[in-house]
Amino acid sequence: MNQYLQRQTTLRSQLSASGYDAMVVFGYENIRYLCGFSGHAATLLISAEQCLLITDYRYAERAQAEAEYAEVILRQRDHESLGQCLSRLSGELKALAFDAAHIDVGQWQEISGELSGRTVTPTRGLVEQLRQVKTAEEIDRIRQAAQIADKALADTLSLVKAGVSERDLALELDYRMQKLGSEGVSFDTILLFGARSALPHGSPSTQKLKHGDLILIDFGAVVDGYRSDMTRTYVYGTPCNRQRAMFDTVQTAQQAALAHASSGVDCQVLNTAAHAVLQNSEFARYVGEGLGHGLGLFLHEQPFIKPGVDYRLEAGNVITIEPGIYIPQFGGVRLEEDIVITASGYELLTHAPQDFEL
């Protein structure tokens, strides 16, 4: 069975088991997962009998080409609101679910007001749960994205020199990824020098590189909508003892988690292994929360590798392992790998060397 038909069939079974007649899907990544359409200005209505992709004239040709396993409905926006369109298309369907994480309250109030006579229920994670285990095709796209990122980083590191700014180096990295085939960037590239490397999600600035600075680079490429996510930390020159100890601790923590990565293993086993190393180090008070996350059409998706998450890894999960230490006014070290879980362990998707000294 075609992958999109299989996904729709599985979602229909879940909807039926939960007592829903249909689901209104707003998240663009979820829509792409269910029918293949990669554009915006779209809503999906999926029931036991139909999969309807609602868009407008701007995406007509693209929708017809990509959404082979959905019926394309072109809404005339000046004459019919989305709520009116959904009301018309849902017909006798009475119990509707919608993915609440992908629409704001104001928009939903406008839509739901035109769905009179129906029960509409917010849901979270129905489609995202289906996406936890990746197909071989999905894994290959993430693998390609990771390969692009590996090559772009290697090319960009040749430009590292005293006086270069965070912003200029980040722009060079982004440019190289796109020249190598990436569809834009997986997320806004994080590239920070010196004490600014202690900002886990800081934005590149005009700060210039100096000898002895830490350099934290967190970035990713995109292939057919699927994302990679890798972090490397370097020091420009010879590291001081504290910098070296930070790097060695983070690297040891990452390896401790990877040693347990395999199908059937609880996420908490990985989290506990990494944090045992971090909490027993001199840097315990500076440790970042969580260890990693799922990766795919979303940058951060299920499963999450953090305290409180009850999930046993399955073959086909693509996750990141990214322990970090962040010392304010001094600097941070994070190392992040993308891996795919297998029956007997894991496959590493990111291959840029974890060198420390540049």
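Gln8 counts as buried, at 1% relative accessibility, where buried means under 20% relative accessible area, exposed over 50% and partly exposed in between, with a 1.4 Å probe and protein chains only. This is a predicted model, in which local features need pLDDT of at least 70 and side-chain atom pairs count only at pLDDT 80 or more, whereas totals for chains, interfaces and linings use all residues. Residues are numbered from 1 along each chain as its sequence is written, and side-chain values use heavy atoms, with hydrogens and water left out.

- Gln8 lies in helix H1 (residues 3-17); helices (H or I, at least four residues) and strands (E, at least two) are DSSP runs, numbered from the N terminus.
- Leaving aside neighbours within four places in sequence, Gln8 is in contact (heavy atoms within 4.5 Å) with Leu34, Cys35, Ile46, Cys51 and Tyr69.
- In helix H2 (residues 28-35), the buried residues are Asn30, Ile31, Tyr33, Leu34 and Cys35.
- These residues cover an arc of only 165 degrees around the axis, which puts them on the same side of H2; the arc is that of the directions from the helix axis to the C-beta atoms.
- Gly36, which follows H2, has a positive phi, near 95 degrees.

**The sheet E7-E8-E11**

- Three strands form an open sheet in the order E7-E8-E11, with antiparallel pairing; two strands pair if DSSP finds at least two bridges between them.
- Strand E7 (190-193) and strand E11 (230-235) stand at the edges, each with a single partner strand, so one side of each is left without a neighbour in the sheet.
- From one strand to the next, the twist averages 10 degrees.
- Strand E8 (residues 214-219) and E11 run antiparallel and are joined by six bridges, and Leu214 stands opposite Val235 in E11.
- Helix H7 (residues 136-157) lies across E8 and E11 and runs at about 20 degrees to E11; axes are lines fitted to C-alpha atoms, for helices over the stretch in contact, and angles run from 0 to 180 degrees between N-to-C directions.
- Helix H8 (residues 166-179) also packs on the sheet, where it touches E7 and E8, and its direction makes about 150 degrees with that of E7.

**Leu313**

- Leu313 is found in the loop between strand E13 (301-305) and strand E14 (318-321), and it is buried, with a relative accessible area of 1%.
- Not counting residues up to four places away in sequence, Leu313 touches several residues, including Ser262, Val265, Cys267, Ile305 and Ile341.
- The C-alpha atoms of Leu313 and Val133 are separated by 9.3 Å, although these residues are 180 residues apart along the chain.
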